[in-house]
Amino acid sequence: NISFDHISEPGTRLIKDPRVLLCNQMHLIEKEDGLGWINHPGFHNRINSSDIIFVARHCGYRIFEVYNAPSDGLVSEELRKQYGDFRPQTMEKLWDDVLKTGVIMFGAACSDRHSIHDHVNNREAWNMVRLEARTLEEVTLEQVQTAFYSGDFYATGGIKLKDVKLEDKTYKISVDLEGTMSDILGLELKG
């Protein structure tokens, strides 16, 4: 579970449930026009599925990190014991446990590099949002936030999608092969 020695809000009472602090922190992030989601649920194994379900049901947050690039399973067993388990299969199980309860929760990715000199894992991760804007100049913060909060995004380690559609309870996915090859390998497709 979420574990802190003590948690308090200045000028108020001691908070008995650390999940409430998590909700409060995300509310503060949004108040400053940020995008609140749960990062690193595997860090020291402090956040479990019931914590994520609480945050979704009681605070309305629907995004958590399911993939952390530098911590994606290439980390040694010794480091997992020390810092927690971030392997994709562990995060997928956590996500499945949340979804089985009927809670809608979207999975995000991040590239958690703390230094540009960190060469432990050269893979990266990011999130792609679907927007109506055609140029970067047309993109607004509100559009990006709306896309995230409505689940109109996907987490990736390099694959670019052209489109995702749901038709007759079947997902149809189109991959942007040229964009993917360019971003991942720096290649240009010809012919």
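## A quick tour of the chain

The chain exposes about 12,500 Å², and carbon and sulfur atoms supply 53% of that area. Keep in mind that you are looking at a predicted model. Of the 191 residues in the chain, 33% count as buried.

**The overall layout**

- The secondary structure comes to six helices and six strands.
- If you start at the N terminus and follow the chain, the elements run α-α-β-α-α-β-β-α-β-β-β-α.
- Take the contacts between residues at least 6 apart in sequence: 61% of these join residues at least 24 apart.

**The nonpolar cores**

- The largest nonpolar core has 19 residues, and those with the most contacts inside it are I38, I52, V55 and F64.
- Where do the residues of this core come from? At least two each are supplied by helix 1 (18-31), helix 2 (49-59), strand 1 (63-68) and helix 4 (88-99).
- Helix 2 gives the most to this core, with six residues.
- Apart from this core lies another one, made of six residues, among them W37, F106, A108 and F153.
- Zoom in on V55 and leave out residues up to four places away in sequence: V55 then touches L22, C23, M26, I38, G60 and Y61.

**The disulfide and the cysteines**

- A disulfide is a covalent bond between the sulfur atoms of two cysteines.
- How many disulfides does the structure hold? There is one.
- Are the two partners buried or exposed? C23 counts as buried at 3% relative accessibility, and C59 is buried too, with a relative accessible area of 17%.
- Another cysteine to find is C110, which is buried with a relative accessible area of 15%.

**The largest pocket**

- About 700 Å³ of space lies in the largest pocket.
- Its lining takes in 23 residues, and V129, R130, Y154, L161 and K162 are the ones that lie nearest the pocket's centre.
- Which elements give two or more residues to this lining? They are strand 3 (126-129), strand 4 (153-156), strand 5 (161-167) and strand 6.
- Strand 5 gives the most to the lining, with four residues.

**An exposed tyrosine**

- Y171 has its place in strand 6, which covers residues 170-175.
- Is Y171 buried or exposed? With a relative accessible area of 58%, Y171 is exposed, because exposed means over 50%.
- Leaving out residues up to four places away in sequence, Y171 touches V164, K165 and L166.

Key:
Residues numbered from 1 in each chain as written. Predicted model: local features only at pLDDT ≥ 70, side-chain atom pairs only at ≥ 80, totals over all residues. Heavy atoms only, no water. Core = buried A, V, L, I, M, F, W, Y, C linked by side-chain atoms within 4.5 Å. Buried < 20%, exposed > 50% of the residue type's maximum accessible area, 1.4 Å probe, protein only. Contact = heavy atoms within 4.5 Å. Disulfide = S-S within 2.5 Å. Areas by Shrake-Rupley, 256 points an atom, 1.4 Å probe, with all protein chains shown as cover. 1 Å grid on protein atoms, 1.4 Å probe; cavity = no way out; pocket = protein on both sides within 12 Å on 5 of 7 lines; lining within 4 Å. Points joined across faces, edges and corners; volume = space filled by probe spheres on them.
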